[in-house]
Amino acid sequence: MIINDFHVHSSFSGDCHVKMEEMIEYAINKKLENLCFTEHHDQDLADSDISFLLNFQAYYDTFQKLKDKYSDKINLLLGIELGIQPQLYSELSKITRNHPYDFILCSSHVSNGIDPYNLEYFHGKTKEVAYTQYFETILECAKNYTDYDVYGHLDYVIRYYPHGDKHYKYQDYQDILDEILSTIINAGKGIEINTAGFKYNLGDSHPSTEVIKRYRELGGEIITVGSDAHQPHQLCNYFDLANNILLASGFKYYSIFKQRKPEFIKL
Ligand SMILES: [Zn+2]
Ligand SMILES: [Zn+2]
């Protein structure tokens, strides 16, 4: 059983209203061993009406206080989900050095200036174009930005496809997906299996099982498991399915991070 959740939000994230302590108490009741908060920091979100700018110092201070308070019950890790965009590389890199983060999760929420959460992203595009452009953004970022540990939810774009079947076949995007995965592997970084795909009724993880299998085939070893919880009851959601996907993909271990270094835990 996987009892380490490495993608969790609290009210320090613009889209979450649950106090950090409430998340922690729920996690303790669920007998989690390691809980890593990955609060959003997304700059340059022109089309968002809520702020995703993290108050780094307040986050750090509260985290540290609660980490000490609950140290005999759960191991809390300080993470951040950095919204990556090509114009932000040097700024984001500085942010990672300002506090002693355990885990830097790098996520593409914006492609060519727009978040696919905003359905305008899909306007006038076929599904193939919409998905390919998103993957091109990830490739560009993965090639040029390396101050992170794990790249988040690699096929986030599919959550919001508005015109019918959201799914895609790995082989239809094989060239670009292989290049993304190889770039991440060669940089010594990892990917995550993000179980929010099940919450969004995709019937699969982010990225899809096919892509996770391919990552392993290409030599990928570092993979964290995250629920992307924005509510306490979502902690470790669908981790039994993640466990099965990882085993079926050829993984014997998954990863957690402490002080930016991966540790491997048997499945
Ligand atoms: Zn995200
Ligand atoms: Zn998230």
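In which sense do strand S6 (residues 190-194) and S7 pair, and over how many bridges? The pairing is parallel and runs over four bridges. The structure is a predicted model, in which local features need pLDDT of at least 70, side-chain atom pairs count only at pLDDT 80 or more, and totals for chains, interfaces and linings use all residues. Residues are numbered from 1 along each chain as its sequence is written, while chains are lettered from A and ligands numbered from 1 in the order in which they are written.

**View 1. The chain as a whole comprises eight helices and nine strands.** Helices (H or I, at least four residues) and strands (E, at least two) are DSSP runs numbered from the N terminus. The C-alpha trace spans about 50 × 40 × 35 Å along its principal axes. Of the contacts with a separation of 6 or more, 77% join residues 24 or more positions apart, a contact being two C-beta atoms, placed from the backbone, within 7 Å.

**View 2. Strand S7 (residues 223-226) is covered on both faces.** Ile 223 and Val 225 lie on one side, Thr 224 and Gly 226 on the other, and all four are buried. A residue is buried if 20 or more other C-beta atoms lie within 10 Å of its own, exposed if 12 or fewer, and partly exposed in between, with C-beta atoms placed from the backbone. In a regular strand the side chains alternate between the two faces of the sheet. Val 225 is the bridge partner of Ile 193; two strands count as paired if DSSP finds at least two bridges between them.

**View 3. The largest nonpolar core has 66 residues.** Such a core is a set of buried Ala, Val, Leu, Ile, Met, Phe, Trp, Tyr and Cys residues joined through C-beta atoms within 7 Å. Leu 35, Phe 103, Ile 104, Cys 106, Tyr 151 and Ile 180 have the most contacts inside the core. Helix H4 (residues 127-144) supplies the largest share of this core, seven residues. Leaving aside neighbours within four places in sequence, the contacts of Phe 103 include Phe 6, Leu 77 and Phe 257.

**View 4. Helix H7 (residues 209-217) buries Val 211, Ile 212 and Tyr 215.** These residues lie on the same side of H7, because they cover an arc of only 100° around the axis, as given by the directions from the helix axis to the C-beta atoms. Their cover includes helix H5 (174-186), S6 and helix H8 (239-248). Pro 207, in the loop between helix H6 (196-199) and H7, is joined to His 206 by a cis peptide bond with omega about -10°. Just after H7, Gly 219 takes a positive phi of about 105°.

**View 5. The loop between S7 and H8 holds Cys 236 and Tyr 238.** Most residues other than glycine have a negative phi, and most peptide bonds are trans. Cys 236 has a positive phi of about 55°, and Tyr 238 has a positive phi of about 60°. Cys 236 is buried, with 24 other C-beta atoms within 10 Å; Tyr 238 is buried with 20.
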